[in-house]
Amino acid sequence: MGIGHAREHTYGHSGTSGPDGAEEGARLDRAAVERAGRRLADRVWRTPVLRCEPLDTRCGARLWLKAENLQRGGSFKVRGALLAVEHLAMSGSRGAIAQSTGNHAIAVALAARQYGLPAVVVLPTDAPPAKIHRVREAGAEVVTAGTLLADRVAAVSDLRGTLGYDVIDPYQNPHVVAGQGTATAELLDQAAEQGARLDAVVVPVGGGSAIAGACLTAEGREVAVVGAEPQAVPALTTALRADRPVTVTAGYTIADGLRPDRIGALPFTIARGAVAAVETVSEEAIAEAMRAAFLHARLVIEPAAAAALAAALEHASRLGTDVGVLLSGGNVEPSLAAALLTGQEVSAPDTAAV
């Protein structure tokens, strides 16, 4: 399962920014997450860890729900974005560019505004209107490009050449990965403060920053890290089987935050020997988990977060007695939330990649 051994991951050698927005020469390990936590103190909210008896009864284990849907910007992504933008500001950057399915864009926009940097974000053409609105509300410019990760990456490359801004990649940037790991670190600490040692943590998998950060946090601890991804986009599952990141044929998923069709190279390097398991969940299970969070825990979470809860509800009893769940965000489109919470069938939009 890759737990109980301290490891160090180095990305590149030169200490400069690579074409994918990763800062080369950065070292990533559990200590890097701990340093990130200290840097983020009083800059992000220490979101609550909640318990819910009906959900515990349903899955046969004690679930510890890390409510990052209540975080600044509506998701855990602000953690990594603040660190990455701070690094750019201290380096004299002219501005920031980021590609995202939504939450990373919101987080970069908020962080860039805080540091006085202009920001341009590239979103898919079918990005949820609510997320587009939040990005613009934070003061960033929005560019849309296709529905696939490759479309957005190409647009970022063009913008970088035109504007001369620096790229903050949501998966490849080591500051982002370390920052995202602080959410899992807080979850472990908060459970311990209540007298519980978690046997496992379940985190959603999109491009990989959450699972990578969780794996770094778990180094030297007896806690299993379990990923959860939609059956429609099994990017990490496929990569682990191939022993390398590969582009998958992505079907439509309501979990728009988990739509990247390729796991990031840096997250894969970290997760490949450390993740205990990756569970794929159906669209029906994601929708049902979202309803369960609302009805029983009184939490409004987005489908990406519901994917982690869905995996926990199905598999927690075999993961241990106490299982943490990273509820990664709550930026759900109101119309989608209304449909899912009332049990209506949701179909893929005409513009979605299927």
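Valine 300 counts as partly exposed, because its relative accessibility is 43% (buried is under 20% relative accessible area, exposed over 50%, and partly exposed in between, with a 1.4 Å probe and protein chains only). This valine sits in the loop between α11 (283-296) and α12 (303-319); helices (H or I, at least four residues) and strands (E, at least two) are DSSP runs numbered from the N terminus. Together, Phe294, Leu295 and Val300 make a nonpolar surface patch of about 260 Å². Patches take residues with over 30% relative accessible area and no salt bridge, joining nonpolar side chains (Val, Leu, Ile, Met, Phe, Trp, Tyr) within 5 Å and like charges within 9 Å. The areas come from the Shrake-Rupley method with a 1.4 Å probe, and for residues only the protein chains shown count as cover.

All of this is read from a predicted model, where local features need pLDDT of at least 70, side-chain atom pairs count only at pLDDT 80 or more, and totals for chains, interfaces and linings use all residues. Residues are numbered from 1 along each chain as its sequence is written, and side-chain values use heavy atoms, with hydrogens and water left out. The average pLDDT (the predictor's confidence in each residue, from 0 to 100) is 91, and 91% of the residues score at least 70.

On to the charged pairs. The count comes to 17 salt bridges, each a side-chain nitrogen of Lys or Arg within 4 Å of a carboxyl oxygen of Asp or Glu. Aspartate 256 and lysine 131 form one of them, at 2.7 Å from N to O. The two are 125 residues apart, with aspartate 256 in the loop between α9 (235-242) and α10 (265-271) and lysine 131 in helix α5 (residues 129-137); both are buried. Glutamate 279 pairs with arginine 318, their closest N and O atoms being 2.4 Å apart. Since glutamate 279 lies in strand β11 (residues 277-281) and arginine 318 in helix α12, this bridge ties together parts 39 residues apart in sequence. Glutamate 279 is buried at 12% relative accessibility, whereas arginine 318 is exposed at 52%. A network of salt bridges links Lys66, Glu68, Arg79 and Glu186.

As for disulfides (pairs of cysteine sulfur atoms within 2.5 Å), the whole structure has 0. The sulfur of cysteine 52 has its closest cysteine sulfur in cysteine 59, 9.7 Å away and therefore too far for a bond. Cysteine 52 is buried at 5% relative accessible area, and cysteine 59 is buried at 6% relative accessibility.
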